[in-house]
Amino acid sequence: MVEIHDKSPSTDKETLLVNYIVTGSNGTDHDVDIPSKGRVFDDDDEIYNFYKEYAKKIGFPVHRRARKRNDDGDLRCVSFGCARGGKHRRKVVNPRGSMETGCGAYITCRRRQGDGKWVMSVVSLEHNHKCNPEDVKLYKCFEPVCSNAQKQRRIDLNGGASTVKKKAKTAVQNEGLGCAEMGAERNATGDGRRLRIGKGDVEALLKFFAKMNGENAGFYWQAEFDEENYLKNVFWADGMSRAAYKDFGDVVSFDTKYLVDKYDSPLVAFVGVNHHGQTILLGCGLVSSEDTEAFVWLFTEWLMCMSGKAPKAIITDQAKAIQNAIEIVFPQTRHRWCLWSVMKKLPDEFGKHDKCLDIASDMKAAVYDTQSSDEFEQLWHWMLVEYGLQDNQWLKYLFEERSRWVPCYLKETFWAGMSTTQRNEGSNMFFDGYINPSSSIKQFAEQYEVVLRKKVEKEKLADDTSSQKTIPLVTTYPMEKQIQKRYTNSKFKEFQVELLAMLYCSFTKIERTPTHTIYNIQEDVYNEDFRKNMTFHATYNAEECDVHCTCQKFSFDGIQCRHALSVLCHNSVRKLPDKYILRWWRKDVIRDHTKVKVGFSCWTNDDATKRYHDLCTKFAELAALAANDETLYRDIVNWLDCKKKELQQTVIKES
């Protein structure tokens with residue numbers, strides 16, 4: 001900690017450092033009013049506002065640090081500092097993220113006896129963390145105080161669900177169309193192979209594509225027409241979705257939900273999950289019918305848009321046409337049904353059965369509690385015999401397709417945390433609250449950018465939170481601190497859950513072979529309404545530090561399970577091997593999609609994004625000039641390869 005004693009601090013070390021942060025220079029041409037010892041203020045509010053303005057330009061949060069009064073209760077001394085001062089404490093129960101890094105930047109002002117003025121007496125400008133002026137929008141201390149009218153206006157602009165309904169009603173009224181008249185405007189056909197769209201929808205689509213094409217780098221769209229030149233199917237994806245697919249395209253959820261009720265022409269969306277477990281859009285489409293031909297066209301266009309890289313795993317609803325299309329276009333992709341959509345049909349199938357509750361309970365036990373295919377099939381057949389359901393066609397079909405929906409058949413595949421026990425977060429979740437099944441295409445086009453802006457800002461906020469706020473450790477295991485540094489906050493919390501759950505695990509039997517050790521692990525599983533004991537088997541290879549558990553949690557969602565962690569800790573493994581740390585969940589990876597410029601108004605369009613967009617534009621111009629000349633093409637490629645190696649070496653040295 002350094003105190004500045006010179007009233008003119010333009011030459012001291014700390015001030016030069018501040019100037020460099022602000023201007024990237026030695027202190028010239030900057031407009032930051034830097035705190036200095038001896039500065040005089042009229043009152044403590046003026047001090048706080050001055051320091052907050054300074055912090056805003058440097059890029060750090062502030063808080064009121066201390067206030068001291070004399071025996072008469074008069075305020076005599078105030079102190080303001082960086083809000084990242086102090087140290088967070090270890091908290092086992094409900095740990096929360098903390099920005100505290102022990103930063104020692106602060107100022108202190110004392111009140112003079114004579115005139116009551118405030119004089120700055122202590123100044124410390126050094127921070128032990130990075131300061132970025134672009135991050136100030138994330139700090140609560142800089143949030144403007146809004147009136148109720150301003151808050152309501154902001155809600156309206158953000159496009160909440162109530163706003164969507166109001167807009168939908170207004171749109172119909174403005175066009176002078178009632179529901180019946182709107183239906184008459186549809187481009188109805190007898191064969192159901194054309195998009196049935198309302199008045200103004202085609203024009204709205206074309207304007208939407210033209211706008212996106214002009215404002216979004218890498219925007220892609222294709223349309224299919226029938227023999228009579230009627231629109232059949234449409235697909236599109238923006239540049240950010242295409243870039244995100246490189247990192248998060250291995251696991252995709254596909255759904256058809258929204259426009260079905262109004263046009264029998266469903267809106268479909270390809271959705272993935274990012275490093276925070278948030279949903280991200282990987283493409284959208286409109287199809288004229290839910291048949292194999294339409295989905296084959298859609299999947300083919302999506303594959304072309306994503307440079308021919310098929311997903312490794314895909315989640316869909318239970319539809320034969322989608323299944324057929326996946327087998328044609330993505331023959332190597334693991335296909336899974338949404339388990340939630342299967343299990344929700346239980347009341348419809350057995351609601352009138354006199355043992356409905358017992359059937360549901362036993363079927364859930366077979367689906368959720370079995371760890372192997374043999375165990376599932378044994379319990380399933382017992383259930384059929386017990387309730388006389390051998391001839392039930394629905395159950396027969398489910399059993400034939402068991403490898404598409406029963407968890408024990410799916411856990412060897414990575415699903416990026418999309419749980420088999422919950423509804424897959426497809427398009428119905430991604431656009432939820434912005435459009436609904438009765439929304440028109442025109443209304444969807446209006447809300448599309450609102451949705452994308454919210455999702456992008458949500459990811460940016462989570463990125464900044466993970467880099468600035470630290471979730472406190474709950475144990476003293478070194479591997480917990482290891483994951484705390486590498487994973488995003490949301491995924492680190494999931495790891496902490498597994499680490500703490502080791503408390504409920506115990507070894508009941510240990511067998512040793514020449515190459516492996518096999519552990520039988522009993523876990524007390526607690527739910528809200530019951531407790532049960534379950535046994536898992538973990539195999540450990542000490543030479544390769546390799547552990548495999550029958551629950552297969554790591555294979556399924558990329559977070560090492562409590563049983564495997566128990567084995568590693570039992571064998572004194574202090575750090576988690578790198579093979580168990582997924583790049584997908586890491587917060588220290590720079591991903592291309594975060595640099596893609598977005599056309600909609602969004603505070604994530606920072607300087608780095610603008611530079612990235614400018615470089616892409618110049619590279620495209622260079623490619624156009626060099627593409628027709630083989631010699632020039634090779635010269636440019638060689639130059640780019642050399643420059644790439646230089647930059648990679650620079651990044652490695654800096655890191």
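Reader: How is the exposure of Glu412 to be read, at 43% relative accessibility?

Author: Buried means under 20% relative accessible area, exposed over 50%, and partly exposed in between (1.4 Å probe, protein chains only). At 43%, Glu412 therefore counts as partly exposed. The model is predicted: local features need pLDDT of at least 70, side-chain atom pairs count only at pLDDT 80 or more, and totals for chains, interfaces and linings use all residues. Residues are numbered from 1 along each chain as its sequence is written, and side-chain values use heavy atoms, with hydrogens and water left out.

Reader: With which residue does Glu412 form a salt bridge?

Author: Side chains of opposite charge can pair when their charged atoms come close. A salt bridge is a side-chain nitrogen of Lys or Arg within 4 Å of a carboxyl oxygen of Asp or Glu. The partner of Glu412 is Arg334, with the closest N and O atoms 3.6 Å apart. Arg334 is partly exposed, at 22% relative accessibility.

Reader: How many salt bridges does this rule give?

Author: The count comes to 28. One of them joins Asp42 to Lys117, whose closest N and O atoms are 2.4 Å apart. Asp42 lies in the loop between β1 (40–41) and α2 (44–58), and Lys117 in the loop between β4 (106–111) and β5 (118–124), so the pair ties together parts 75 residues apart in sequence. Such helices (H or I, at least four residues) and strands (E, at least two) are DSSP runs, numbered from the N terminus.
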